[in-house]
Amino acid sequence: MQTPMIDYIHLLLESIGEDGGHVASYIPELAQANPDRLAVAIATLDGKVYVAGDADVEFTIQSISKPLTYALAIADQGLESVLQHIDVEPSGDAFNEISLDPDTGRPRNPMINAGAIAAHALVSGEDADARVDRIVDLYSRLAGRSLSIAEDVFESELSEADRNMALAYMLRTVGKLEGTPTDVVRGYTRQCSVSVTVRDLARMASVLAAGGVTAEGERVLEPEVNRQVLSVMATCGMYNSAGDWLTSVGIPAKSGVAGGLMGIMPGQVGIAVFSPRLDAHGNSTRGVRMFERMNHDLGLHLM
Ligand code: DON
């Protein structure tokens with residue numbers, strides 16, 4: 001059934017107006033992205049997905065992978081063990097900052113690169129490749145289809161991964177990195193290079209909105225894991241604009257440097273947008289604006 005929702009999201013795209021910002025250039029392959037892409041998808045808990053714009057264009061998941069891998073690390077190791085490695089405090093710093101607690105050495109939270117690299121290393125697997133396979137398998141179950149890695153983006157990002165490599169070595173010196181820094185950064189870069197569409201992200205978000213259960217009734221995440229992930233997304237998902245986001249949009253969300261942005265309305269819907277130009281915080285410029293508009297028009301705010 002076509003509902004006003006589909007009309008609404010088409011109107012949203014048509015009226016979103018001027019773009020601003022720049023596509024990410026520190027990953028050479030992302031600099032090649034078509035900056036004018038624009039898409040939105042809203043997925044209901046019972047499996048309907050409403051889309052508008054470039055909804056079938058694939059882009060890399062990038063940092064939107066971080067809360068998902070964090071969920072798997074908690075499922076594998078237990079929350080207490082994960083908390084000993086990674087804190088849950090907003091850092092107020094940029095996503096690639098060396099934000100480690102001076103007393104404990106823990107990265108401030110799992111949404112910044114330092115915490116996400118530590119979380120990747122906590123996922124169980126016989127070796128580095130098996131760990132990545134389990135991660136891609138989880139993302140695929142959440143998306144409801146088999147996802148794969150964009151090898152060109154992976155190679156491109158790995159060739160410029162000095163800063164993440166430095167973060168991994170730094171984490172090892174403070175005892176917060178399990179495994180070999182080069183293997184972990186390689187695996188983390190592969191997780192960031194998983195190819196998705198806004199349909200996939202909206203469906204993933206709808207599973208988180210449903211407390212970890214898919215529209216088909218498969219439990220993918222335990223409720224307490226799901227709750228931990230949504231809480232950290234709410235406070236840290238938008239990096240050093242997390243406060244602005246929580247006040248102006250008011251839902252758990254996560255952005256990625258390829259221009260994706262995923263938001264969760266617990267108990268209601270999963271929402272995803274895509275527009276590659278980024279603001280100074282590394283969040284999609286028109287993506288943030290679309291969520292602000294949806295908050296105004298649909299009343300997303302949880303508070
Ligand atoms: O590690 C990195 O820098 C990238 N793979 C991911 C960064 C990212 O998506 C930041 N988000 N907006």
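A residue is called buried if 20 or more other C-beta atoms lie within 10 Å of its own, exposed if 12 or fewer do, and partly exposed in between, with C-beta atoms placed from the backbone. By that count Tyr 239 is buried, with 24 other C-beta atoms within 10 Å. The model is predicted: local features need pLDDT of at least 70 and side-chain atom pairs count only at pLDDT 80 or more, while totals for chains, interfaces and linings use all residues. Residues are numbered from 1 along each chain as its sequence is written.

**Annotated binding site**

- The unreviewed UniProt entry places the feature "binding site" at Ser 63, Asn 113, Glu 157, Asn 164, Tyr 188, Tyr 239 and Val 257; such positions follow the numbering used here, feature names are shortened, and annotations may be inferred rather than shown by experiment.
- Tyr 239 sits in the loop that joins α10 (223-236) to α11 (242-248); helices are DSSP runs of H or I of at least four residues, strands are runs of E of at least two, and both are numbered from the N terminus.
- Beyond four places in sequence, the contacts of Tyr 239 are Ala 94, Phe 95, Met 111, Ile 112, His 281 and Gly 282, a contact being two C-beta atoms, placed from the backbone, within 7 Å.
- Val 257 occupies the loop between β5 (253-255) and β6 (260-265) and is buried, with 25 C-beta neighbours inside 10 Å.
- Residues touching Val 257, apart from those up to four places away in sequence, include Ser 63 and Gly 282.

**Ligand shell**

- Around the ligand there are 13 residues, of which Gln 62, Ser 63, Cys 192, Val 257 and Gly 282 come nearest; a residue is near if its C-beta atom, placed from the backbone, lies within 6 Å.
- The shell holds three nonpolar, nine polar and one charged residue; Ala, Val, Leu, Ile, Met, Phe, Trp, Tyr, Cys and Pro count as nonpolar, Asp, Glu, Lys and Arg as charged, and the others, Gly among them, as polar.
- Domain 1 (4-59 + 198-215 + 234-298) and domain 2 (63-192) each supply at least three shell residues, with bounds from an automatic or database domain assignment.

- Strands β1 (residues 39-44) and β2 pair antiparallel over five bridges, where pairing requires at least two DSSP bridges.
- Ala 41 is opposite Val 51 in β2.
- Four residues separate the two strands of this hairpin, and Gly 47 in the turn has a positive phi of about 100 degrees.
- Strand β2 (residues 49-53) is largely enclosed by the rest of the structure, because five of its five residues are buried.

- Leu 298 belongs to helix α12 (residues 285-298) and is partly exposed, with 16 other C-beta atoms within 10 Å.
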